[in-house]
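Here is a friendly walk through a structure, taken one region at a time. Please keep the 3D view open while you read, and turn it as you go.

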Protein chains: 4
Amino acid sequence: MNFGLNGMDCQGTERNWEADWRADKPREECGVFGVRGSDLDVSRITYYGLYALQHRGQESAGIAVSDGDTIKLHKNMGLVPEVFKEHHLDSLTGCMAIGHVRYSTTGASLAINAQPLVFRYAKGMLAVAHNGNLTNARELRTALANTGSIFQSTIDTEVLVNLIARYCGNSIEEAIMKLMIDVKGSYSLVVMSEDKLIGVRDPYGNRPLCLGRLEEAYVIASETCALDTVGAEFIRDIEPGEIVVVDDRGITSIRAQNSKKRTCIFEYIYFARPDSVIDGYNVNWCRRQMGRQLAREYQVDVDLVMSVPDSGTAAAKGYAEERGLPFEDGLMKNRYIGRTFIQPSQSMREIAVRLKLNPIKSVVEGKRIVLVDDSIVRGTTSSKIVKMLRDAGAREIHLCISSPPVIGSCYYGIDTSDPEELIACKMTHEEIEGHIGVDSLHHLSREGLLNVFGEGRPGFCTACFDNDYPIEIPADLRKHALD
Amino acid sequence: MNFGLNGMDCQGTERNWEADWRADKPREECGVFGVRGSDLDVSRITYYGLYALQHRGQESAGIAVSDGDTIKLHKNMGLVPEVFKEHHLDSLTGCMAIGHVRYSTTGASLAINAQPLVFRYAKGMLAVAHNGNLTNARELRTALANTGSIFQSTIDTEVLVNLIARYCGNSIEEAIMKLMIDVKGSYSLVVMSEDKLIGVRDPYGNRPLCLGRLEEAYVIASETCALDTVGAEFIRDIEPGEIVVVDDRGITSIRAQNSKKRTCIFEYIYFARPDSVIDGYNVNWCRRQMGRQLAREYQVDVDLVMSVPDSGTAAAKGYAEERGLPFEDGLMKNRYIGRTFIQPSQSMREIAVRLKLNPIKSVVEGKRIVLVDDSIVRGTTSSKIVKMLRDAGAREIHLCISSPPVIGSCYYGIDTSDPEELIACKMTHEEIEGHIGVDSLHHLSREGLLNVFGEGRPGFCTACFDNDYPIEIPADLRKHALD
Amino acid sequence: MNFGLNGMDCQGTERNWEADWRADKPREECGVFGVRGSDLDVSRITYYGLYALQHRGQESAGIAVSDGDTIKLHKNMGLVPEVFKEHHLDSLTGCMAIGHVRYSTTGASLAINAQPLVFRYAKGMLAVAHNGNLTNARELRTALANTGSIFQSTIDTEVLVNLIARYCGNSIEEAIMKLMIDVKGSYSLVVMSEDKLIGVRDPYGNRPLCLGRLEEAYVIASETCALDTVGAEFIRDIEPGEIVVVDDRGITSIRAQNSKKRTCIFEYIYFARPDSVIDGYNVNWCRRQMGRQLAREYQVDVDLVMSVPDSGTAAAKGYAEERGLPFEDGLMKNRYIGRTFIQPSQSMREIAVRLKLNPIKSVVEGKRIVLVDDSIVRGTTSSKIVKMLRDAGAREIHLCISSPPVIGSCYYGIDTSDPEELIACKMTHEEIEGHIGVDSLHHLSREGLLNVFGEGRPGFCTACFDNDYPIEIPADLRKHALD
Amino acid sequence: MNFGLNGMDCQGTERNWEADWRADKPREECGVFGVRGSDLDVSRITYYGLYALQHRGQESAGIAVSDGDTIKLHKNMGLVPEVFKEHHLDSLTGCMAIGHVRYSTTGASLAINAQPLVFRYAKGMLAVAHNGNLTNARELRTALANTGSIFQSTIDTEVLVNLIARYCGNSIEEAIMKLMIDVKGSYSLVVMSEDKLIGVRDPYGNRPLCLGRLEEAYVIASETCALDTVGAEFIRDIEPGEIVVVDDRGITSIRAQNSKKRTCIFEYIYFARPDSVIDGYNVNWCRRQMGRQLAREYQVDVDLVMSVPDSGTAAAKGYAEERGLPFEDGLMKNRYIGRTFIQPSQSMREIAVRLKLNPIKSVVEGKRIVLVDDSIVRGTTSSKIVKMLRDAGAREIHLCISSPPVIGSCYYGIDTSDPEELIACKMTHEEIEGHIGVDSLHHLSREGLLNVFGEGRPGFCTACFDNDYPIEIPADLRKHALD
C-alpha cells in the first residue's frame with residue numbers, strides 16, 4: 001500500500017540547507033507540549049514551550065486550544081515564529097492547549113501531516129500530538145480501513161486517533177489503555193479532550209516526556225528546557241507505560257504493568273537540548289562525560305582539541321579536560337545561517353560548507369589536532385570539514401566521535417537513513433578513515449557510552465549501535481543493507 | 001453537537017466586501033469539475049475549468065490529480081489564480097483530475113474545509129468534490145461516529161466519504177449506489193479513484209452537472225461554460241439520479257429508478273453564468289424572458305428602464321424590449337472592484353456602495369425609472385442604491401424584480417439567510433416599498449417565472465418562493481421566522 | 001543614454017494576462033488624486049479615490065500624507081487593495097494626502113518607479129504625483145545631470161521634481177510656473193508641500209483633472225468618478241495651463257496665458273470611466289453617440305448588433321438604437337477573470353481568449369452580425385474573437401469600430417505601441433479585413449467622431465488618428481514605421 | 001530640519017526581539033561587499049559574501065550588478081536569504097557586483113533607506129554601498145539642497161552620491177578624491193560604475209575594509225570572513241585614506257596624504273566575526289587575550305568561569321585559562337531563536353530572557369562564579385541574566401567585562417544609545433553593581449585592552465571609552481548626558 005498522499009500545501013522549490021546539513025546526523029522528528037490552567041494565556045505559553053523545543057522539529061508547528069467546549073487549531077509548515085503571528089494566538093483562547101513541532105520521518109513533508117490532529121468523534125472533540133513512531137502502523141491502518149476507517153494523511157497519529165474513536169465506549173482513559181495494548185513502537189503523546197489534558201509515554205519510555213507545575217497549572221513537555229522556558233517547576237519524568245491525566249481534580253496516574261525502560265540514548269548524544277535533564281541526567285553533563293570517556297579510551301599525541309560546532313563542543317571540552325590539552329575554537333560557525341538559502345551552483349559547491357563553518361588559520365596551521373564530533377551517519381559533511389582544515393594547514397587530524405558507529409536504522413521515530421547509506425555499514429574502519437581523509441578515526445565504545453550513566457543506570461535503546469531492537473520490528477518494515 | 005472545528009489556517013481580519021454585497025443575494029456554494037484523458041495536461045485543464053466556474057465559489061479552490069497510482073492534491077483559501085501558481089500545476093501531473101471551488105454554507109470558512117477531499121480507504125485512494133447540501137448530514141455523522149468514524153472537518157463531504165469507505169465491499173460504483181440510498185439532500189459530485197472518474201447527480205437533479213468530450217477525453221462540470229472554456233464539446237446533462245463512470249472502457253451510466261427532476265430555479269435567476277446552458281435552456285435567454293414576462297405582468301408609466309448591474313441587466317433589457325422603452329446605463333459599475341478592500345469607517349459608510357456603483361446624473365436626473373434587479377433577499381443594498389438614485393435626481397423609481405419574493409430558506413446548498421432575515425418574511429409588500437424607498441415594487445409571479453420555460457418544462461425546486469420543499473427537511477434543521 | 005535602471009523589487013515571472021489583453025488597446029498610464037481638509041481621514045479618502053481610478057493604472061499605487069510637518073509615504077507594486085492594508089492607512093495620518101495609480105509607459109514596471117515621489121529639498125518636503133508624459137524629458141534630464149542632479153528612477157516625474165528644487169527660490173507656486181515654461185508634453189499633477197495641495201494641468205489640458213468640494217475640504221482628481229465615490233461635489237474642471245492652490249485661505253488659481261485646449265479624445269473613446277464627466281461631456285453618453293454616428297455612416301444588412309464587452313458595449317447600443325436593430329449579448333465575459341493567471345501552454349492557446357469571453361451559440365448561430373468595438377491597435381485579439389464567433393456559427397461578421405484607424409503613436413502618456421505594430425500602419429483596409437477575418441470592417445470617421453461633441457466643442461488631440469501633434473515631438477523621440 | 005521621510009514599505013507591527021536583545025549591545029550598522037570578474041556568477045558570489053557579513057546588518061540587504069552597460073538592482077527589508085530568491089539572482093547577471101547589509105543608525109528602518117543606492121548622473125550610472133557615518137552630513141545636505149539637490153531618503157549615502165554627481169567633471173576617481181575632502185566621519189565604501197569597482201576607506205580607517213583575489217577576479221569586503229566564504233585569497237587591508245580602483249587594467253591605488261589610523265576597537269571587542277582578521281589581528285584571538293588580560297587585572301576566589309553566550313565566550317575561556325579555573329557552560333542558548341517572535345505579555349515578561357538563555361542548575365547551584373561578557377551598554381539584559389543565575393542557586397556572581405565602561409556615544413556608524421541611556425554615565429560603579437545585582441563588577445582597563453594588541457599596535461578609536469573623538473563632532477550632533 002502506498003500512502004503517497006499529497007498534502008494541502010506544496011513545498012516551495014528552494015532547498016532546505018540546514019536539512020541537508022543535518023542529513024548527515026540522525027534526525028529527531030517531534031516535540032510535544034501541553035498546558036492546562038484556567039487563568040493562563042495557554043496559547044502563548046504553548047508558543048514559548050514550542051519555541052524551546054524547536055530543535056526537535058523544524059518543518060511544521062501547531063497549537064490546539066480548548067475552551068472547555070470546543071477545540072480550535074492553527075498549524076502550518078514552518079518554524080514556530082513563522083507559523084504563529086500575534087493574531088493567531090489572540091484567536092486561540094481557552095483554558096488548555098497542546099502543541100507540536102515536527103520533522104517528517106514517516107509521512108511526507110506536507111501541511112496535511114502537521115500536528116496536532118484535531119477531530120470529532122462520538123464523544124466530542126479531541127486533539128492529539130505525537131512524538132515517536134509506531135512499528136505496526138501499517139497493519140493497524142489496514143485493519144482499521146477494512147472496517148471502514150479513512151485516512152486523510154500519512155502520519156501514524158491518524159492511526160492512534162482512529163483507535164481512540166473505536167475504543168471510546170467508556171472514557172478517554174480507557175480508550176488510551178486499550179490503544180496501548182494494540183500499538184507497538186515508540187510514542188510520547190499529549191492528548192486533549194474538551195476538559196482533560198493527558199500525557200502518555202510508551203511502555204519502553206523510548207522518547208522523553210516530563211511533567212511540571214506552573215503555579216496552579218500543569219505542564220507536560222518533551223524536555224525540561226520547555227518547562228524552564230515557561231517558568232514551570234519540574235515535577236518528574238512521566239514513567240514508561242504511564243498515563244497522566246490532568247483535570248479539574250488535579251493529577252491522576254495510570255500505569256501499565258509490563259513497562260521496561262529503554263530510553264533512546266541518542267537523545268543524550270545529539271538530540272536533546274544541552275540544558276534539559278532527562279531521567280535525572282543533564283544532557284550537557286553527559287556529553288562532557290562522553291568526551292572524558294573517549295579520552296580515557298583513546299590517546300593520541302596532538303597539540304590541541306577542537307570540535308565541530310555546536311554538536312561536538314561539549315564532548316570536545318570533556319576530552320581536552322581529561323587529557324589536559326588546550327581546547328581551541330578552530331572552526332567558526334556563522335550564527336546567522338538560516339534554514340534556507342540559495343544552493344551554490346556546481347562551480348561553487350565548496351561554499352556550502354564554508355557558509356556555515358570557517359577554519360581559523362592561526363589556530364589550525366601546522367597543528368596536530370583531535371577533532372571531536374558527536375556522530376557520523378553518512379560521512380559526507382565530515383570529509384568536507386576535514387578537507388577545509390587540511391587546506392587551512394592542519395598537520396594531523398584525528399577524528400574522535402563521542403558515540404559508537406551507527407550500524408542500524410532506527411524504527412522508533414528517528415531518521416537515521418537506510419543501512420545502505422550508513423557509512424559504518426558500507427566501509428571498514430580503515431576505509432572510512434580514508435574516505436573522510438583523517439589520520440585516525442576513533443569511536444567511543446558502547447560500554448564506555450553506557451558507563452557515563454553510572455552503576456544504577458536505567459535501560460537504554462542502543463539499537464542503532466548494536467541492532468538489538470527492544471521493540472519488535474515487523475519483517476516488512478526492516479531495512480537491510482545491500483548485499 | 002457543536003462542530004465548531006477550527007481549521008488549518010485562520011482567516012485574516014480584512015472584511016470580504018464582495019461577500020457583504022452578495023450577502024444581499026442568495027449565495028451558491030460550489031462548483032465541480034473533472035477530466036479524464038491520458039494525453040492531456042489535466043491539471044491545467046482543471047485550472048481553466050475552475051476559472052470558468054469561479055462565480056460558483058470564491059473562498060477556496062483545489063485540484064486533485066491521479067497518475068493511475070496515487071493521488072496528489074493542492075488546495076487552499078482564495079480565488080483560483082491565488083491558490084494555484086505555475087509550480088503547483090507543474091507538480092500535479094497525471095491522467096485524471098478533479099477540482100472544486102467553494103463558498104461556505106455549512107462548515108466554517110477555513111482551509112481544512114476546502115475540497116476536494118482526498119483520502120485512503122481499504123480499496124486505495126479516492127478524491128471527492130461536492131456541490132450541494134445534505135439534509136440528513138447530522139444524523140449520518142452521528143451514526144458514523146457511533147461506530148468509530150472520526151471527522152476532521154465540518155463539511156458534508158466528509159460524511160459522503162466515510163459512507164463510501166463503509167460500503168467499499170465490491171466496487172466504488174456500488175458504494176455510491178448505496179450511499180445514494182442513505183443520503184438526503186442535494187449533491188452533484190465528481191469522484192476520482194486511481195483509475196475512474198465518476199459524476200453523480202442527486203435524484204432530484206437539484207444542482208446542475210453536465211458531461212462533455214475533449215478529443216478522446218471526457219469532462220464533467222457544474223456548468224457548460226466550463227466545457228466551452230476548455231474547448232470541450234457538450235454531450236448532455238447528467239440526469240437526476242444518474243451515476244456516470246468514465247474509465248478505460250469509455251462511459252458507463254447507472255441510473256436510479258426513483259429520480260424526479262427538481263432543478264434549482266435560482267440557477268437560472270441568478271447563480272449560473274449567463275452563457276451556460278442548463279437542461280437545454282441558455283441562462284441569459286431565460287433572464288431576458290423573465291424581464292419580458294415581468295413587463296407583461298406589470299406596466300408603469302416611466303421614461304426609461306435601468307438595471308442593477310450586472311445581475312439585473314438581462315432582465316432589464318427584456319423588460320425594455322417588451323415595452324418598447326429605452327434601456328439606459330444609469331448605474332456604472334467599477335470593474336476593478338475586488339473581493340477585499342478596507343471597509344469604510346462609520347463616517348464614510350456611504351462610500352461602500354458608491355465604490356461599486358455610481359449613478360449617471362445626466363441619465364437619471366428628473367426621470368421616471370423602472371429599475372430591474374433579479375432578487376431581493378434582505379433589502380439592505382437595494383435601499384442604498386435607491387437612495388443613491390434619488391440623490392442623483394431620479395423622479396420616480398419603480399423596482400421590478402425578475403423573481404418572486406423569497407420567503408423560504410434553502411437547505412440544498414444555497415445560503416439564503418434565515419427566514420427572520422428575509423425581508424419578504426418580515427414585512428408586508430407596502431412596508432418593503434417604504435423600507436427600500438421606491439415608488440412601487442413588483443415581483444415576477446411564480447407562474448410567470450415558470451412560463452418562461454414553456455409547456456414541456458422540467459420540474460423545478462421553487463421552495464424559496466413557495467416553501468414547497470421537494471426533499472424532506474428534518475425538523476431540527478428547519479429555520480423558522482421569528483413569531 | 002540608456003535609463004535602464006532596475007528597481008527595488010523585481011517582478012514575478014507570472015504573465016500579466018490582462019496586460020496582454022490590453023496590449024491590443026492603447027494603455028493609459030496614470031490616475032492622480034489629492035485631498036486637503038483637516039477633519040477628514042485623508043488617507044482613507046485617497047484610498048477610495050484611487051480605487052475609483054484603478055482603471056487608469058494597475059501596476060502600482062501609492063499614497064503620501066502630510067501632517068503639516070512631515071510627509072509620510074507608502075507605495076508598492078499592485079492594485080490599490082493589494083498595496084494598502086488597514087495598518088498602512090492607520091499609520092498614514094495627516095490633514096492632506098495625494099495618491100497615484102500607474103501603468104508603465106516610460107520607465108520600467110518597477111517599484112522604484114511607483115509614485116507619488118516624496119523628497120526633501122531646500123524648502124522642506126514635497127510630494128508629487130503625475131499623469132502624462134513629457135516630450136522633452138531626456139533633454140531636461142541631461143541638462144539637470146550636467147549641473148549635478150542625480151536620478152534614481154526612470155520616470156519623468158523625477159525630472160519635474162528636480163526642476164522644482166532648482167526653482168525653489170521664492171514659493172512653490174513660482175517654481176511650478178517656471179517649470180511649466182521648461183517642460184513640454186502632457187501633465188496633470190497633484191503636488192503636496194507640508195501645507196499646500198496644488199493641482200496643475202498642462203497648457204493643452206491633454207489629460208483630465210477636476211476639482212471638487214467635500215464639506216469644508218477640497219479634492220483634486222483625474223476624473224469625476226473619484227469625486228463621486230468619495231462623496232465630493234464637482235466644482236469644475238481645472239483649466240488647461242491652470243495652477244490651483246489649496247491652502248488655509250481656500251482656493252487660489254493661477255492661469256498660464258498661452259493655453260490651448262487639446263484634450264486627449266481617447267479618454268472619451270476608451271480610457272475614462274463611463275460615469276465620468278470630462279469638460280462637460282459624460283463619457284458613456286459620448287460612446288453611445290459614437291455608436292449612433294457610426295450607424296449613420298455605415299449600414300449593412302444584419303440580424304443583430306453585438307459588442308466586444310465591455311469596451312464596445314455603449315457604442316454597440318448606440319448603433320443598434322440608431323438603426324432599430326436588436327442589441328444582443330452574444331459574447332459573455334467572465335467577471336472573475338483577474339489580472340494574472342497561468343498562461344495556457346502552446347497546445348491550449350485558444351483557452352486564453354475563451355477564459356475571458358464565451359460566445360453564446362443560441363444568439364450567434366446562423367446570424368449576420370454587426371460587432372462593435374471601440375478601437376483596434378494591433379488586431380491580434382480581434383481576430384481571435386472573430387474566429388470564436390465563426391466557430392459558434394455566425395454567418396456574417398461586420399466589425400464596426402467607434403473610432404478612426406490608429407495610425408500614430410502617442411507621446412503624451414499613452415502606450416499605443418510603435419507605428420510598426422499598428423495594424424493600420426502596416427496593412428491596407430482590405431488586408432486588415434482579411435487578417436481579422438471579417439466580412440467587412442468600418443471605422444468611425446474623424447469628422448464623425450468630432451461631431452459627437454457638437455458645434456461649440458473644445459479642441460482635442462487627435463494625433464493618433466491624423467498625426468497632427470499639438471505638442472512638439474523631438475526628432476529623436478519620434479517613432480517611425482518600418483519602411 | 002526634520003528628515004522624517006517615510007519609506008516605501010511600512011514595517012509590520014511585530015517586535016524585533018533580537019534587536020531588543022542587542023539594544024543592550026552597541027549596534028554595528030553595515031557590511032559591504034564587491035566583486036569584479038568577467039567569468040564569475042557575480043550576483044551569487046555577492047549573495048554568499050553578504051551571508052558571511054550578515055552579523056553586520058540584519059534589517060535590509062541589496063545587490064547591484066553591472067553588465068558593463070547598465071546596472072540592475074534588487075534590495076529589500078530582511079535578512080539576505082529573505083530578500084534574495086533564486087529568480088532574483090538569476091536576473092542579476094553581469095561582470096561586477098556590489099552588495100550591502102544594513103542596520104539603521106541614521107535614517108529610519110525603511111525600504112527606501114536600503115542600499116546599495118543606484119543612480120544615473122551626467123557620466124552614466126553608479127552604485128554605492130556605505131558602511132559608516134558622516135558627522136557633517138546635515139551641513140552637506142543643506143549645502144546641496146540650497147543649490148538644487150533633492151533627497152529621497154534619509155541616509156548619508158545619498159549625500160555622498162550627490163557629491164559624486166557634483167564633482168563628476170573628469171573621472172569618478174577624482175570625484176571621490178574631492179568628496180573625501182568634503183566629508184567628515186567614517187566611511188568604508190564600495191562604488192561601482194559600469195566598468196570600475198572601487199573601494200574607499202576613510203582617512204582614519206575607522207571601519208574595516210579588505211581586498212582579496214578570487215582566481216582572476218578581485219573582491220572587496222568589510223571583513224575577511226567574507227573572502228574566506230567565497231573562496232577568495234586575502235591580499236591586504238585597504239589602508240586608511242586609500243582608494244582602490246579595480247578595472248580592466250587590474251588594481252590601482254590612490255592614497256590620501258593625511259591619513260591616520262583610528263580603527264574602531266569595538267570591531268575587535270564585539271562586532272566583527274571571530275574568524276575575521278582585521279589589520280593583522282584575528283578577532284577571536286584578541287577576545288581570548290582580553291579575557292587573559294582581565295584575569296591578570298582582577299582575581300576573585302571562585303569555583304568556575306562562565307560566559308554570557310556567545311559574545312562573552314572567547315574572553316571567558318581566556319580568563320579561565322589564565323587563572324587555571326574551569327570554564328563551564330552554565331547558560332545554554334536556544335540556537336533556534338529567531339529575530340522575531342511574539343513578545344511576552346506583561347505577566348510573562350521573564351520568558352523573554354529564558355527563551356534565549358537557560359541556566360543549568362547542576363552547573364550553577366551553590367557555586368561562586370565569574371561571569372564574563374564583552375560589554376555593558378544599558379545593563380538591562382545583564383540584570384535579568386544575573387537574576388536567572390541567582391534563581392538557579394548561584395552563590396556568588398562576579399561579572400567581568402572584557403572592555404572598559406562605555407561612557408561616550410559613537411558618531412561613526414555605531415548605535416551605542418545616547419549618553420543618558422549608558423549605565424556607566426548614569427551610575428557609579430557601586431550603583432551599577434547594585435543595579436545588576438552582582439557581588440562584584442570589573443571592567444578591563446583601557447590600557448589592558450590596548451596591550452592586547454602589543455607594542456607596535458596601530459591607532460584605535462576608543463572614543464566610547466574615553467570621549468577622545470579622533471574625527472570632529474559638530475556641536476549640534478553631540479549627545480549629552482542629562483545633567
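Predicted model: local features only at pLDDT ≥ 70, side-chain atom pairs only at ≥ 80, totals over all residues.

Residues are numbered from 1 along each chain as its sequence is written, and chains are lettered from A and ligands numbered from 1 in the order in which they are written.

Helices (H or I, at least four residues) and strands (E, at least two) are DSSP runs, numbered from the N terminus.

How is chain A laid on chain D? A turn of 180 degrees with a shift of 0.0 Å along the axis does it, with an RMSD of 0.1 Å; that is the relation of a two-fold axis. In chain A, the C-alpha nearest the axis belongs to A:Arg335, 4.2 Å from it. The same surface serves both copies, since 100% of the contact residues of chain A recur in chain D. The copies are superposed by least squares on the C-alpha atoms of residues with pLDDT of at least 70 in both.

Which residues does A:Leu355 touch, not counting residues up to four places away in sequence? They are A:Asn334 and A:Ile337, together with D:Tyr48, D:Tyr51 and D:Thr229. The C-alpha atoms of A:Leu355 and A:Ile337 are separated by 7.4 Å, although the two residues are 18 residues apart along the chain. A:Leu355 counts as buried because it has 20 C-beta neighbours inside 10 Å. A residue is buried if 20 or more other C-beta atoms lie within 10 Å of its own, exposed if 12 or fewer, and partly exposed in between, with C-beta atoms placed from the backbone.

Now look at chain A by itself. Its domain assignment gives domain 1 (29-261) and domain 2 (286-335 + 346-453), with bounds that come from an automatic or database domain assignment. The C-alpha centres of these two domains of chain A lie 36 Å apart. Where they meet, 10 residues of domain 1 are in contact with 5 residues of domain 2. On the domain 1 side, strand E7 (124-134) and strand E8 (185-193) of chain A each supply at least two residues, and E7(A) gives the most, with 3 residues. That side of domain 1 has no nonpolar, 8 polar and 2 charged residues.

Next, turn to chain C and its strand E9 (residues 197-201), where 5 of 5 residues are buried. Both faces of E9(C) are covered: C:Leu197, C:Gly199 and C:Arg201 are buried on one side, and C:Ile198 and C:Val200 on the other. Strand E8 (residues 185-193) of chain C runs antiparallel to E9(C), joined to it by 5 bridges, and a hairpin of 3 residues connects E8(C) to E9(C). Within this pairing, C:Val190 has C:Gly199 as its bridge partner. E9(C) also pairs with strand E13 (residues 242-247) of chain C, in the antiparallel sense over 4 bridges; there, the bridge partner of C:Leu197 is C:Val246. Two strands pair if DSSP finds at least two bridges between them.

Finally, visit a helix in chain B. Helix H6 (residues 156-166) of chain B has 11 of its 11 residues buried, so it is largely enclosed by the rest of the structure. What covers the buried residues of H6(B) includes strand E6 (117-121), strand E7 (124-134), helix H5 (137-146) and helix H7 (172-182) of chain B.

How values were computed. Contact = placed C-beta atoms within 7 Å. Nonpolar A, V, L, I, M, F, W, Y, C, P; charged D, E, K, R; others polar.
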